[in-house]
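Please look over the structure below.

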Amino acid sequence: MAMINSEPEVTREYFLNLGPQHPSTHGVLRVLLKLDGEYIVEADPIIGYGHRGHEKMAENRTYKQFMPNPSRVDYLSGFIYNHGYVLAVEKLMGLEVPERAKYIRVICSELNRISSHLLWFGTFLMDLGAFTPFLYCFDDREVILDLLDSITGSRLTYCYCRIGGVAKDIDDQFIEGTLSFIKRLRSRWTDYHNLVTKNVIFIHRVKNIGLITKDIALKYGVTGPNLRGCGVPYDIRKAEPYEIYDELDFEIPVGEKGDIWDRYMVRLNEMEQSCRIIEQAIKKLPRGPIKASGVPVKIAPPKGEVYFPFESARGEAAFYIVSDGTEYPYRIRIRVPSFSNLQALIEVLPGTLVADTIAILGSIDIVVPEIDR
Amino acid sequence: MPLDSLKNSIEKKCPEAKVAESDHSKTGWYLDVAIPAEKIVDVTETMFDEMYYLEAITGLDFKDGFQVLYHFNKFKTKERIVVRITTEKGKKVPTISSVYSAALWHEREVHDFFGIEFEGSPDMRPLLMPEDADFHPLLKEFGKVNAYLRMDEIYGDDK
């Protein structure tokens, strides 16, 4: 006869590895979860699987040789990083860039921001189990990749900016293509909202879940759409305007509480704002040279240091460069937004369900190789 | 000016602090605060009370010691401040992870790359480096680098 257990059943805490190979971690990320049933007690993100040593590489190559690296730090907003790096070096050298080059860089950066947000939109919803939106936004994103491909020559890891300007001028075909793309994207918003935003299953999975409050953001240095989701209108493009951003009219979309829903809405609205920026920049696009004259062949900035922040698709990224006066940088430190954004999960995840973890992780919009550098 | 009040409260907490104003259009920050390593927690507490967030902790390797840089900023317009400490090689630096939770990962990263120990840190596991790595890759003695200098060769004699 089987023994009858009269003891009351108790739950026991146990560990679960989310990743390193998991479709919703978007790269090689492991989150060690301590669980009580379905609830998370403790979360410990473990990173470093994709560490490539970009900062070390900077120490044994020249400023010019380091040019291809930044766009490989965060491959989804590669243009913005490429852009930020040349801006940092130009600031160190005190180099003035022609107006036309500034406009071209901003147009391409904003196109890249839209493509990054579109990819986030698709993969985030795929994490939640919706496959169709993924096909829609990859269809849209493909146009951006083709547009940028036509002028930069690469689809993802761009190296188009040059110290002192850009590599090649844009043509009418690019401008027409960009304008018609914006028209096409605007006609898509209704589809996106009908397909996703008004979907009741989606609403239930994102409202009031994964709150990143202002206090958490301050403690962890969370920036970008994740910060703006909780109602802080902080955007480097407005706070420390670089290039021509202070001449353009655009808004910073903000949320209210900082839940997944707010972050979702902030990113969707940001894409519309990027469209506005591109339109204005194309309208104002001046004629003239695309490269500063008198840029030395050997780039050797004077001794000194510079911290140059710029708004990537995920938040505040920055290059901190120390120059010793030679054509080799003494040290380049890359501040990446996802590093801080992911760390905040240590505080956000406890108390949520495992299924919500996937939604929260997706909503933070991390790029793991960017964290690992 | 708001920076003046911050300057005063830093100097109150740490009278030895060398506070220099910096040209934002050239360096990207407004105040450059050099303090002794043991005062870093006090100064960081002031920064936290003033609602600054921690942007990054950066290590720098020189022949005559390490420099650790703390970049602080506000969720506002142009408020960046750099706090820098200079430490001898092999010496420990107090952790600021009790003030800023963000510092924990940043300090682990600096420890990975430079081998700088942070005293009192609850977690010093390798972050980006493999668990069995017995080297610190961003030291200038590791691998091929172009230059290995003393601090005064870059900053002049004033720091």
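Of the 373 residues in chain A, 53% are buried; a residue is buried if 20 or more other C-beta atoms, placed from the backbone, lie within 10 Å of its own, exposed if 12 or fewer, and partly exposed in between. This is a predicted model, in which local features need pLDDT of at least 70 and side-chain atom pairs count only at pLDDT 80 or more, while totals for chains, interfaces and linings use all residues. Residues are numbered from 1 along each chain as its sequence is written, and chains are lettered from A and ligands numbered from 1 in the order in which they are written.

Chain A contains 15 helices and eight strands. Helices (H or I, at least four residues) and strands (E, at least two) are DSSP runs, numbered from the N terminus. The C-alpha trace of chain A spans about 95 × 50 × 35 Å along its principal axes. Its radius of gyration is 22 Å, which agrees with the value near 21 Å that a compact globule of 373 residues would have. The radius is taken over C-alpha atoms, and the globule rule is 2.2 Å times the number of residues to the power 0.38. Among contacts in chain A with a separation of 6 or more, 71% join residues 24 or more positions apart; two residues are in contact if their C-beta atoms, placed from the backbone, lie within 7 Å.

Two helix pairs of chain A can be followed in turn. Helix α4 (residues 99-127) of chain A packs against helix α11 (residues 260-284) of chain A at an angle of about 160°, and their axes are 9 Å apart. Axes are lines fitted to C-alpha atoms, for helices over the stretch in contact, and angles run from 0 to 180 degrees between N-to-C directions. α4(A) and α11(A) are therefore roughly antiparallel to each other; angles under 35 degrees count as roughly parallel, over 145 as roughly antiparallel, 65 to 115 as roughly perpendicular and the rest as oblique. Their crossing is left-handed, a term used if the near helix is turned anticlockwise from the far one by less than a right angle, with right-handed used if clockwise. The residues that make the contact include Y103(A), V106(A), I107(A) and W120(A) of α4(A), and M271(A), S274(A), I277(A) and I278(A) of α11(A). By class, this contact has eleven nonpolar, two polar and five charged residues. Ala, Val, Leu, Ile, Met, Phe, Trp, Tyr, Cys and Pro count as nonpolar, Asp, Glu, Lys and Arg as charged, and the others, Gly among them, as polar.

The second pair is helix α5 (residues 132-152) of chain A with helix α6 (residues 172-197) of chain A, which pack at an angle of about 170° with axes 11 Å apart. That makes α5(A) roughly antiparallel to α6(A). Among the residues that meet are Y136(A), D140(A), V143(A) and L147(A) in α5(A), and F174(A), F181(A), L185(A) and R188(A) in α6(A). The contact of α5(A) with α6(A) has eleven nonpolar, four polar and three charged residues.

I358(A), I360(A) and L361(A) are among them. D365(A) counts as buried because it has 26 C-beta neighbours inside 10 Å.

Chain B has five helices and seven strands, in the order α-β-α-β-α-β-β-β-β-α-β-α from the N terminus on. Its radius of gyration is 16 Å, close to the 15 Å that the globule rule gives for 159 residues, so chain B is as compact as a globular protein of that length. Its C-alpha trace spans about 50 × 35 × 25 Å along the principal axes. Buried residues are 39% of the 159 in chain B. Of the contacts in chain B with a separation of 6 or more, 49% are between residues 24 or more positions apart.

M51(B), in the loop between α3 (40-49) and β3 of chain B, has a positive phi of about 65° although it is not a glycine. M51(B) counts as exposed, because it has 12 C-beta neighbours inside 10 Å.

Where the chains meet, the contact takes 35 residues from chain A and 33 residues from chain B. On the side of chain B that touches chain A, β3 (53-62) and α5 (151-155) of chain B each supply at least two residues. β3(B) gives the largest share, six residues. That side of chain B divides into 19 nonpolar, eight polar and six charged residues.
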